[in-house]
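Hi everyone, thanks for coming.

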Amino acid sequence: MADLKKDAEALHKAASALGKVDHHTTKPLHDFKAASHDLSAFGVLGTLVSAKDDIQDGMDTIAKLTKDLHKEWEAEAKFMDDVSDAFDLLDVLLSAAARAKKG
């Protein structure tokens with residue numbers, strides 16, 4: 001039963017950390033998206049219209065995929081919390097069953 005409690009705590013901690021990922025990536029993602037429309041850092045390449053459009057499209061796609069990952073991570077964190085809660089409940093039920101068996 002102690003293992004279930006440890007597992008539940010570890011899952012909850014991992015879910016909490018995973019749930020905070022978007023807090024750490026929001027500003028970099030915003031900066032990245034803003035940079036996709038200012039390609040002056042690419043010099044001459046940035047002035048080539050077709051290359052510029054391709055680069056902007058690629059950067060927009062990366063930003064969209066990152067947002068999709070945030071949603072995936074949020075769902076995964078919720079699932080991990082649900083499993084953690086189930087382990088906590090199972091631990092309580094097993095403890096109660098063990099006490100009932102002794103008494």
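Let me start with a term: helices here are DSSP runs of H or I with at least four residues, while strands are E runs of at least two, and both are numbered from the N terminus. Please keep in mind that this is a predicted model, where local features need pLDDT of at least 70, side-chain atom pairs count only at pLDDT 80 or more, and totals for chains, interfaces and linings use all residues. Residues are numbered from 1 along each chain as its sequence is written, and side-chain values use heavy atoms, with hydrogens and water left out.

Now, how many salt bridges does the structure hold? There are three salt bridges, each being a side-chain nitrogen of Lys or Arg within 4 Å of a carboxyl oxygen of Asp or Glu.

Let's take helix α4 to begin with. Lys 64 pairs with Asp 68, and their closest N and O atoms are 3.0 Å apart. These two residues sit four apart in helix α4, so about one helical turn separates them. Asp 68 has 32% relative accessibility and therefore counts as partly exposed; buried means under 20% relative accessible area, exposed over 50%, and partly exposed in between, using a 1.4 Å probe and protein chains only.

Further along, Asp 82 and Lys 78 form a salt bridge at 3.1 Å, N to O. Asp 82 and Lys 78 are also four residues apart in helix α4, which means about one helical turn between them. Asp 82 is partly exposed, at 38%.

Over in helix α2, residues 21-35, Asp 31 and Lys 27 are four residues apart, again about one helical turn. Their side chains meet in a salt bridge of 2.9 Å, N to O.

With 54% relative accessibility, Asp 54 is exposed.

At 2% relative accessibility, Ser 84 counts as buried. Beyond its neighbours within four places in sequence, Ser 84 is in contact (heavy atoms within 4.5 Å) with Ala 8, Leu 11 and His 12.

That's my tour, and I'm happy to discuss.
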